[in-house]
Amino acid sequence: MARATGLSPAAVSYALRGLQVSEETMERVRAAAAELGYEADPIARALASGRTGMIGLLCGSLEDLWQQSLAVGISRGLREKDRYALILDAVGDPDRERALAQQLRDQRVDGMIVQPLDPAAAFWPELCESVPVVAIGDSLAGTAGEVVFDNRRGVTLALEHLKELGHRRVAVLTPTRASTPDRPADVHVTAEADRLGLDITVVTAPHGLAAATRAAHRVLSDVRPSAVFCFADSIAYGVYAAAAELGLSIPGDVSVMGYDDHPMSGLLTPGLTTVDWDIDGIVRAAVRLVSAAADGVGRRRRVVQQPTLRERGSVSHPPRA
């Protein structure tokens with residue numbers, strides 16, 4: 001390989017691992033490797049470098065379609081960095097999250113990307129001392145990097161939009177459990193509702209379509225709010241299903257708003273008004289941070305994602321009394 005490229009053996013080695021060389025050099029080495037039919041032995045490389053090439057990706061719940069899209073994007077992004085994602089699903093269970101995080105550490109992954117269910121859990125600081133961790137969504141103590149959301153801005157965009165259209169009674173469906181009451185979005189929604197003079201009711205709703213539909217059915221069958229704000233588009237899909245079962249029109253009888261702009265949300269009838277967090281930007285940032293941390297280069301970085309409001313047809317003025 002060194003002779004074919006005219007580079008030193010060290011430069012070829014670095015290029016094959018994606019380390020300390022320019023993009024031009026990496027492309028040159030990869031082209032030569034492809035022409036020669038060269039493939040690095042992953043076991044030999046792991047023994048020599050002390051690295052496995054594996055990055056653990058621990059998802060809070062893959063029933064959330066947005067998290068599925070995030071996992072696909074991160075897996076592909078890591079592959080472009082010559083790494084592989086080991087994807088595990090905590091299924092919305094904080095105890096399972098702890099067990100899987102420790103399992104990934106014991107498997108000696110080179111790093112971890114996590115979407116924590118319980119960011120206040122006591123095991124995170126110790127885990128972060130033993131393996132580089134990049135957090136998405138919430139801050140964790142001791143991480144190598146984090147991609148967090150400006151939830152205050154996201155919640156403000158959503159609630160101000162509802163108020164401007166005349167809504168006063170709003171139901172908020174959140175996947176947050178009673179064991180994790182201090183999640184930023186949930187704290188901000190209460191504070192912003194007070195500031196704007198909105199009457200809100202916060203209801204726990206899982207990501208799965210059937211469970212979200214049941215939760216939404218209860219909300220819409222009770223003293224019906226004029227709008228439902230969901231902290232995941234997957235939960236909003238349950239509101240659509242419940243509204244159809246009850247013979248309610250969206251937005252004629254009830255307005256519905258999501259919070260992550262999954263690609264499917266634009267295909268609904270009407271399209272779902274939601275908050276866009278730029279999933280491609282999140283993927284790029286998380287892959288960049290975990291790759292640098294796994295290679296032991298760079299410093300801890302905090303990337304803050306800014307939201308935009310994606311207006312579609314699911315939100316309008318409230319129905320007349």
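## Ground rules

Helices (H or I, at least four residues) and strands (E, at least two) are DSSP runs, numbered from the N terminus. This is a predicted model, where local features need pLDDT of at least 70 and side-chain atom pairs count only at pLDDT 80 or more, while totals for chains, interfaces and linings use all residues. Residues are numbered from 1 along each chain as its sequence is written, and side-chain values use heavy atoms, with hydrogens and water left out.

## Salt bridges

A salt bridge is a side-chain nitrogen of Lys or Arg within 4 Å of a carboxyl oxygen of Asp or Glu. By this rule there are 12 salt bridges. One of them joins the side chains of Asp95 and Arg98 (3.3 Å, N to O). These two residues sit 3 residues apart in helix H6 (residues 94-106), so about one helical turn separates them.

Burial needs cut-offs too: buried means under 20% relative accessible area, exposed over 50%, and partly exposed in between (1.4 Å probe, protein chains only). Asp95 has 49% relative accessibility, so Asp95 counts as partly exposed. Arg98 is partly exposed as well, at 34%. Elsewhere, Asp261, Asp276, Arg310 and Arg312 are linked in a network of salt bridges.

Helix H9 (residues 184-196) holds both Arg195 and Glu192, 3 residues apart, about one turn of the helix. The two form a salt bridge, with the closest N and O atoms 2.8 Å apart. Arg195 is partly exposed, at 48% relative accessibility.

Thr156 belongs to helix H8 (residues 151-164). Leaving aside residues up to four places away in sequence, Thr156 touches Glu192 and Arg195. Contact here means heavy atoms within 4.5 Å. Thr156 has a relative accessible area of 10%, so Thr156 is buried.

## Helix H5 and its ends

Helix H5 (residues 65-80) has 16 residues. From first C-alpha to last, H5 reaches 23 Å, close to the 22 Å expected at 1.5 Å a residue. The expected span is 1.5 Å times one less than the number of residues in the helix. Buried residues of H5 include Trp66, Leu70, Ile74 and Leu78.

At the start of H5, a side-chain oxygen of Asp64 comes to within 3.1 Å of the backbone nitrogen of Trp66. After H5 comes Asp82, with a positive phi near 60°. The side chains of Asp82 and Arg79 meet in a salt bridge (3.5 Å, N to O). Arg79 is partly exposed at 41% relative accessibility, and Asp82 is partly exposed at 21%.

Two strands pair if DSSP finds at least two bridges between them. Strand E6 (residues 169-174) runs parallel to E8, joined by 4 bridges. Val170 stands opposite Ala227 in E8. Strand E9 (residues 255-257) also pairs with E8 in the parallel sense, over 3 bridges. There, Val228 has Val256 as its bridge partner.

Helix H10 (residues 209-221) has 13 residues. Among its buried residues are Ala212, Ala215 and Val219. The buried residues of H10 pack against E6, strand E7 (199-204), E8 and H11.

Technical notes
A polar contact is a pair of N or O atoms within 3.5 Å; within protein, one must be able to donate a hydrogen and the other to accept it, and residues adjacent in sequence count only if both atoms are side-chain atoms.
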